[in-house]
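Open the model in your viewer and keep the selection tool handy.

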Amino acid sequence: MRWLRYGITAWLVWVAAALSGFGQTLPEWLAGGGIPKPPDFGVRDANGVFSRDSGALRRISEQLRKLESEHGYRILLMVEPVLIATSAPELAAQLQQIWLPDGNGLVVVFEAGNRSLGFGRDIGGNPDPPPAGNRVPTHETAALLLAAVDQTDRNLSPEAYAETLIGNLVKAFNDYFARCASPPPRQRSLRLGLLTIGGLTLLGLAAIGVGALTRLQSVGGGRKFRFPVVDRPERLGAPCGGGKVTVRRFNAGPPS
C-alpha cells in the first residue's frame with residue numbers, strides 16, 4: 001500500500017507539472033514561491049513516507065534533538081516520495097540557506113522513490129571552526145557524510161534506509177565533537193614535542209653553518225700588506241737595495 005501511495009503521489013505531481021502550462025502552478029515550496037518552516041522535531045514527512053505505527057520518526061527525532069541539545073549542531077531531515085520540479089541536492093542547498101543561514105547544521109533531503117540524497121551544508125565558512133562555536137569545517141563534514149553513506153545499506157527499505165542513515169550521521173558527528181573536546185593522547189603530545197625539539201635543533205645547526213661559512217669567507221679574503229715606496233738608490237740590481245750586503249766566497253777543492 002505504501003508503494004501504491006508513492007505512485008499515486010508521483011502521478012499527481014506529474015499531472016500538476018503538466019497542467020502548469022495551462023495556467024496551473026506547482027505547490028509553492030516546490031515552485032520556489034515559498035519554503036516551509038524548519039521542522040520542530042527535526043523531521044518533515046508531509047506525504048507520510050514513514051508509516052505511522054513504525055516508530056521510526058520518533059526514534060530519528062530523538063536522536064536529532066539529543067545531538068542539538070548536547071552540541072548545538074542541527075540536522076534537519078526532509079523526506080519526499082518523489083521530486084519533479086527539483087532534485088534532492090538542489091532542494092537541500094536551498095533549504096540550507098533558509099533554515100540554517102548560520103551554517104551550524106546540516107539539511108538532508110531524502111527522495112524515497114529512488115533513494116536519492118541531497119545534503120545542504122555550509123561551504124563558504126572559515127575552514128577552522130570558532131573556538132566556542134558549533135560549526136564543523138567543510139573537509140570534516142565531507143568526510144563524515146561519506147562515511148555515513150558508505151555504512152548504510154542501500155538494499156534496505158526506504159524507511160529503514162533513512163533511519164539507518166540518520167543514525168550513522170548522528171554517531172559520526174557525536175564522535176567528531178567528542179574528539180574535539182578530549183585532549184590529545186600522551187603519545188601524540190610526546191611526538192609533537194620531539195618534532196618541535198628536532199625542528200629547533202635543525203634551525204640551530206643551520207645558523208651555525210651559515211656563521212661558519214661567513215667566517216671562512218672573511219678568512220679567505222685576509223688583509224694584504226704592501227711595502228711602502230722608499231726613495232733609495234739602486235744597489236746590486238735591486239731598486240730598494242739599501243743596507244748592508246754580505247758576500248761569501250767558497251773555494252771549490254778537488255773532489256774527494
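Start by selecting Arg115, which is buried at a relative accessible area of 18% (buried means under 20%, exposed over 50%, partly exposed in between, with a 1.4 Å probe and protein chains only). You'll find Arg115 in the loop between β3 (105-111) and β4 (116-120). Check its backbone too: Arg115 is not a glycine, yet its phi is positive, about 55°. Most residues other than glycine have a negative phi.

A word on what you're looking at: this is a predicted model, in which local features need pLDDT of at least 70 and side-chain atom pairs count only at pLDDT 80 or more, while totals for chains, interfaces and linings use all residues. Residues are numbered from 1 along each chain as its sequence is written, and side-chain values use heavy atoms, with hydrogens and water left out.

Next, select Ser87, in the loop between β2 (74-80) and α4 (88-99). Is Ser87 buried or partly exposed? Partly exposed, with a relative accessible area of 26%.

Now for a helix pair. Select α3 (residues 56-71) and α6 (residues 158-181), whose axes come within 10 Å and cross at roughly 15° (axes are lines fitted to C-alpha atoms, for helices over the stretch in contact, with angles from 0 to 180 degrees between N-to-C directions). So α3 and α6 are roughly parallel to each other (angles under 35 degrees count as such). Show side chains where they meet (contact is heavy atoms within 4.5 Å): on α3 these include Ile60, Leu64 and Leu67, and on α6 they include Ile166, Val170 and Phe173. The residues of this contact divide into nine nonpolar, four polar and four charged (Ala, Val, Leu, Ile, Met, Phe, Trp, Tyr, Cys and Pro count as nonpolar, Asp, Glu, Lys and Arg as charged, the others, Gly among them, as polar).

Zoom out and colour by pLDDT, the predictor's confidence in each residue from 0 to 100. The mean for the protein is 76, and 65% of its residues reach 70 or more. Select residues 1-28, where pLDDT stays under 50, then residues 125-132, where pLDDT also stays under 50.

Last stop, cartoon view: the protein has seven helices and four strands (DSSP runs, H or I of at least four residues and E of at least two, numbered from the N terminus).

Methods. Parallel < 35°, antiparallel > 145°, perpendicular 65-115°, else oblique.
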